[in-house]
Amino acid sequence: MSSATLSRSTTPSATPAGAAAQPRGAVLAPSLMARSAPSGTDLAVVRWVESIAALTQPEEIVWCNGSPQEWDSLVHLMVTQGTLIQLNPEHRPYSFLARSDPHDVARVEDRTFICSETEEASGPTNNWADPAEMRTTLLGLFAGSMHGRTMYVVPFSMGPVGSPLARLGVQVTDSPYVVASTAIMTRMGSAALAQIEATTKWVPAIHSVGVPLAPGQADVSWPCNTTKYISHFPETREIWSYGSAYGGNALLAKKAFALRIASTMALEEGWLAEHMLILKVTNPRGRAFHVVAAFPSACGKTNLAMLKATVPGWTVETIGDDIAWLHPAADGTLRAINPEAGFFGVAPGTSMSTNATAMETMWGNTIFTNVALRDDGDVWWEGMTKHAPDHLIDWQGKDWSPDAGTPAAHPNSRFTVAARQCPTISDDWEDPRGVVVDAIVFGGRRATNVPLVVEARDWEHGVFLGATVSSEQTAAAEGTVGELRRDPFAMLPFCGYNMADYFAHWLDVGQKLRPGGRMPRIFQVNWFRKDADGSFLWPGFGENSRVLAWILERVDGQRAAIDGPLGLTPTPSGLSLEGLGLRAGDLEKLFEVDRESWLAEVDSTEEFFAGFDGKVPEELNRQLAMLRARLVAVPE
Ligand code: GTP
Ligand code: SPV
Ligand code: MN
């Protein structure tokens, strides 16, 4: 491939309306090789970088400034090394395909550790490791781990630079793929570094793929190690990640910082760090609302964040698709920011019919990981088109045809793209004060029991709904896909401390909001309920706007509801179903409460709560008892 094709794309024909233009012109010279810290860098940062370099022994150190030229150089380097394949710029301008090692394809939850001083502080849902022992292990692994490699210093701001709600971090990594991804996913570079002064708190994150190179040793396209540690030290707010270059294991600004470490900061400082999308919805009268929604990994956050409303007169705009930081403000409102600047979205299932906005967002300037390569140099994945192309190169680099019997794209293959390229990005998505949250939604992937939508009776009931989310496991983490598991608040793999204390913290935040009188209302949804024949009862995707409309009409005081055993549900005419083509009886099935299976679910919740050694707040036990009493009262 000629390097001339490696230029950053500004192709107007391929740019959908609203997509931000990129600066023109590529600088291909390796211009990023500054060996020393930029002048003015806080001394503590410099000393820390020096100490990590002394430990890991990289060949050189590069301080990243976040410029487009720097990104150009990085991708050029990776194309040369074989880590990235440039896609055909006619179809996918300035976009790249990375194929990971087949053993490094998802978050490794059993190798993710919370190393708090005590085991109780991390709680029964986390892997706890003794911090002193973990330090010894990590110092051993990281010693010389960057031999023969470049160590990149990657400063970033989570949240708009300078926002009082933003927090700062610095990651060192020996993976250029991680640097280029972090440049898309965060506000990375000089502006973030300049925010760090002597008194600033910042999160140090150390990452190595764990493959030192001996002199002259050839590299592989996706270096990683079979030994993996994703370790968090909540008291000192440090992150150490070894052995993986994939997703949340390695892009440490994302789950490790913005959820696990941030949740501990939030507990201390009185706010919430959540696995939530953020969207703005405007009703036909022009009233705008903001909604946050927590769904487990690969359960529809990106789809909902980019939803195209099918209900006439309603519009949806995007603010975030994965993480929300929620701060109770002085005026009694709850304000949300998206700490990220990009999307790391699940590719399979994304199509012009399920999520046209995502398809338009990734028109160019996108890194794809573990998707299939078409013969014309564009990408493909399961569900992108109705019929698969006759021939593809699969995610492992092998020839593939529709009769292969294996997926062409890995089920957890992803696209990495800047949020500003999203045609539906909201004008307030970078508001440094955050947006006022009107509704909080919890959801999961449940074939049975959980109705299409339920409103909580009050904040405490809402916290109970969040605490009792279960979901069928997806390919986003290593494990058994389809197995039903507890995933409270969609935070099971992401809460940096004892989940029982987290439940109590949610209850406390409600107390803080109460005097202001503008508490968000809380809802539970389930797009995934199935009929006896295994088909989805609800069409989902854009049609979820009908449920959003009901939720916001409730917030707006426009809709009555039925008070049932599980909470408040729509009246028979409450949901707009016009033109939906639901089969007779489907609506009833979507809201059916089976007394016996619900009583079994209550027993299972009781067992789950019992696992916290009496630490679950009394209020949640009271909510559980009330639910049981209401179910018992349902006629058999
Ligand atoms: P993470 O990035 O892993 O945190 O996940 P996410 O919640 O952003 O996942 P995403 O939106 O990418 O979910 C993708 C999966 O959910 C795909 O398998 C989609 O087909 C499926 N999905 C999303 N919305 C719907 C829906 O409304 N109905 C149904 N049946 N499936 C949906
Ligand atoms: C998730 O698994 O919830 C993700 C992807 O959003 S990763 O960043 O890999 O954690
Ligand atoms: Mn996620």
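Visitor: What makes the sulfur of Cys495 too far from the closest cysteine sulfur for a bond?

Guide: A disulfide is a pair of cysteine sulfur atoms within 2.5 Å, whereas the sulfur of Cys495 is 15 Å from the closest one, in Cys115, and is therefore too far for a bond. A search of the whole structure finds zero disulfides. This is a predicted model, in which local features need pLDDT of at least 70 and side-chain atom pairs count only at pLDDT 80 or more, while totals for chains, interfaces and linings use all residues. Residues are numbered from 1 along each chain as its sequence is written, chains are lettered from A and ligands numbered from 1 in the order in which they are written, and side-chain values use heavy atoms, with hydrogens and water left out.

Visitor: Is Cys495 buried or exposed, and how do you know?

Guide: Buried means under 20% relative accessible area, exposed over 50%, and partly exposed in between, with a 1.4 Å probe and protein chains only. Cys495 has 0% relative accessibility, so Cys495 counts as buried. Cys64, at 4%, counts as buried because of its value as well.

Visitor: Cys64 is among the residues that Pro155 touches; why is Pro155 called buried?

Guide: Its relative accessible area is 1%, and therefore Pro155 is buried. Pro155 lies in strand β5, residues 150-158, where helices (H or I, at least four residues) and strands (E, at least two) are DSSP runs, numbered from the N terminus. Contact means heavy atoms within 4.5 Å, and, not counting residues up to four places away in sequence, Pro155 touches Cys64, Gly169, Val170, Arg187, Met188, Gly189, Ala192 and Leu193. The C-alpha atoms of Pro155 and Gly66 are separated by 8.8 Å, although these residues are 89 apart along the chain.

Visitor: What can be said of Ser122 in the same terms?

Guide: Ser122 is found in helix α3, residues 119-122, and counts as buried because its relative accessibility is 0%. Its contacts, leaving aside neighbours within four places in sequence, are Ile114, Ser116, Trp128, Tyr497 and Asn498.

Visitor: How many aromatic pairs does the structure hold, and why is the pair of Phe489 and Tyr502 called edge-to-face?

Guide: The structure holds 31 aromatic pairs. Rings of Phe, Tyr and Trp (its six-membered ring) pair if their centres lie within 6.5 Å, and planes under 30 degrees apart count as stacked, over 60 as edge-to-face and the rest as tilted. The rings of Phe489 and Tyr502 have their centres 5.1 Å apart and their planes at 85°, so the pair is edge-to-face. The pair links distant parts of the chain, with Phe489 in the loop between β28 (484-486) and α12 (499-513) and Tyr502 in helix α12, 13 residues apart. Phe489, at 0% relative accessibility, counts as buried, and Tyr502 counts as buried at 1%.

Visitor: What makes Phe523 and Trp550 an edge-to-face pair?

Guide: Phe523 and Trp550 are 6.3 Å apart, centre to centre, with 80° between the planes, and form an aromatic pair that is edge-to-face. Phe523 in strand β29 (residues 521-525) and Trp550 in helix α13 (residues 544-555) are 27 residues apart, and the pair links distant parts of the chain. Phe523 counts as buried at 0% relative accessibility, and Trp550 counts as buried at 0%.

Visitor: How do you know that a charge sits over the ring of Phe233?

Guide: The criterion is that NZ of Lys or CZ of Arg is within 6 Å of the ring centre and within 35 degrees of the ring normal. The charged end of Arg135 sits over the ring of Phe233, 4.3 Å from its centre, and Lys255 lies over the face of Phe494, at 4.3 Å from the ring centre.

Visitor: Which elements cover the buried residues of α10?

Guide: What covers them includes α9, β17 and β23. Seven of the 10 residues of α10 are buried, and the helix is mostly covered; among the buried ones are Thr354, Asn355 and Ala356.
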